Structure formats: C-alpha cells, structure tokens
Amino acid sequence: MKVAILDDSFDTLRSLPCFTKLDPHLVTVWNDHTDDVETLVERLADCEALVLIRERTQIRAPLLERLPALRLISQRSVYPHIDVDACTRLGIVVSSDLHAGSASMATAELTWGLVLAGLRQIPQQVASLKAGTWQMGVGSTLEGKTFGVYGYGRIGRVVANYARAFQMGVLVWARDESRERARSGGETVAESKEGFFAACDVLSLHLRLVDATRGIVTAEDLACMKPTSLLVNTSRAGLIEPGALVRALRAGRPGYAAVDVYEEEPLLDPSHPLLHMDNVVCTPHIGYVSREEWELQFSDIFDQINAYDQGTPINVVNPDVLPVARSRGT
C-alpha cells in the first residue's frame, strides 16, 4: 500500500523500532505542517493509507472528497479532527486504537512535572537566574495539600498515586459513573462540584473531550478556586469554557496555571495572553511526546495498516463502512 504520514515534525518515526512494520509498504513522510487543502490534495493524491499524528491536521469532507485512492486512515486516540461521517460515505475505513487498557504514562509524568514547575515556579526561577537576578520569589511545597483529580480514568488514577507519594490528600470529582468507580476504589469523592473546586490546592483535569465534556469547567467553577491554587491541564483546552481561564487568572482565582493544551493548536502566536502571565507555565502539547510513548502508539497504528492490508481491519470506529469500503484501485 501507498502510505503517507503527516506532521512528523522532527522526523522521529523512521528512528523507531516499530517503523519496520511498514517495510512492505511504500511510505512517504511529511515533516512540515500545512492546513492548505490544495497542498494536502497534491501530497495525498495517490495515498491509500493515511497516518495521522493525533489532531495536528484536520481531515474534513472538502479534502476527503478529493482523495479517490484513500482507503484507510490509521491513528490512535480520539478523532474530533476527522469527519468520520464523510469517511463512511466515501468508503474510507477509520481505525483508531483508543488504548482502553493502558494509561499514557508520558502524559501522567508531564502532568506531575507541571505540578512541580507550577508550585515551585521552576521556569520563572530559571529565567531569573539566567537574567542575573538570582531568586525571583518563594514557591510552595506539596506535602499536606489537597490534590484534585477531575476525571477518574486511566491517567487520573496514575496521577492520583503520584500525589499520594508526595504526601498529598487526594480528592476526586467526575461524572456519576466515574465517581462511583472512585468510591469503590477507596478514593475520597467531593460532595459537590463547587466544593471540589473550592477545596483543591492543585486541580488537574483528566477528561476526554467529547460533546458532553466540552466547556464542562466554567468561569463559575474557576472562581471557586483559592488564590493560592494551581490548575493543571494536560488533557484538552476545550474542557474549559472558552476564554474563562485567562479571565480567571487575571482575577486571581486560581492563582496559578500550568497548561499543555490550547484552544487553537499549534499555538504559534507569541502574543497569546497565557504566554505573558508570570503565574502560568506553558508547554507546547508535549504530554504524549516521548520516544517510548510514540513507539507504543505507532506500533498500534502500523498494526492497523497491516491488518487492513490483510483484509482484517481492526479498531474500526466506523464499522458501517465495511460493507462499502473502497477496494484497491477504486
């Protein structure tokens, strides 16, 4: 099959052991990013299998309708950037392993790195030292404080255990089913959403972004937080009401934030307000960006391509397409 890979910015995939899984195929890797439909049509004109790196490129009907050779889109995790209905209509299979049985340890580890960086003001202290002014302020320790986990899924549970290792109390809030699961697992669950936001010294978001969770964190929720508290988001920016985080930080509740995700990505505007706040630590959506995590993820993605090529597609998110899926050369 002719396989195209988009957005491999640092040409990392060729260096992974799992890349050999694509040896039977003709592979083209694109290292730059473009949203221009005409450019993508030209690049993907004869592509049969398209590999996506998370949500870096939008795959919508105006593009899909001009790719007659495309038969498979293979990726991992959620797929709000893909027009799945258009894929089904056009006979294109979408395979995406949602990794239900494993947590992203890379994301969990970055979350904790941001917790420490935010409360100990590590980036600000480094910048102060490099500027020749020695210390710039006094940070806070974690021991004895309350760590809030909003969303009790795979990553949330891992991060909660990190908090316990730092002698923090853990408090959980989530949707009804997840709260019951947390109680069954011995976690302390907040009595209310308002009480949860008010009690946490550090509050970390670990929810999938779906229609039901979009904007689930409101301006009113943030206003309940302490002026000394830290909000951490390594999940999706869309979980927070648009614009609410910037307004809340300017109002002083919460007092601090550490974020890896943004309302528009990639964030290439150096004037974005979050980048100019002394009480915010920002990273460029690197939660899942580690060599070990990529080996795990792309091994699955390449397995999906080989399974499709062998006539046994796996992890199909649009099974209605299978009776009308495109065959080679159509």
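Axes are lines fitted to C-alpha atoms, for helices over the stretch in contact, and angles run from 0 to 180 degrees between N-to-C directions. Helices (H or I, at least four residues) and strands (E, at least two) are DSSP runs, numbered from the N terminus. The views show a predicted model, in which local features need pLDDT of at least 70 and side-chain atom pairs count only at pLDDT 80 or more, while totals for chains, interfaces and linings use all residues. Residues are numbered from 1 along each chain as its sequence is written, and side-chain values use heavy atoms, with hydrogens and water left out.

**View 1. The crossing of helix H4 with helix H6.** The axes of H4 (residues 105–119) and H6 (residues 154–165) come within 9 Å and cross at roughly 40 degrees. The two helices are therefore oblique to each other, a word kept for angles that are not under 35 degrees (roughly parallel), over 145 (roughly antiparallel) or 65 to 115 (roughly perpendicular). Contact, meaning heavy atoms within 4.5 Å, is made by residues including Met105, Ala108 and Trp112 of H4 and Ile155, Val159 and Tyr162 of H6. The contact residues comprise eight nonpolar, two polar and one charged, where Ala, Val, Leu, Ile, Met, Phe, Trp, Tyr, Cys and Pro count as nonpolar, Asp, Glu, Lys and Arg as charged, and the others, Gly among them, as polar.

**View 2. An open sheet of five strands with parallel pairing.** The strand order is S2-S1-S3-S4-S5, and two strands pair if DSSP finds at least two bridges between them. Strand S2 (26–29) and strand S5 (93–97) stand at the edges, each with a single partner strand, so one side of each has no neighbour in the sheet. Strand S4 (residues 72–76) pairs with S5 over five bridges in the parallel sense, and Arg76 has Asp97 of S5 as its bridge partner.

View 3. Just after H11, Gly311 takes a positive phi of about 85 degrees.

Conventions:
Left-handed = near helix turned anticlockwise from the far one by under 90°.
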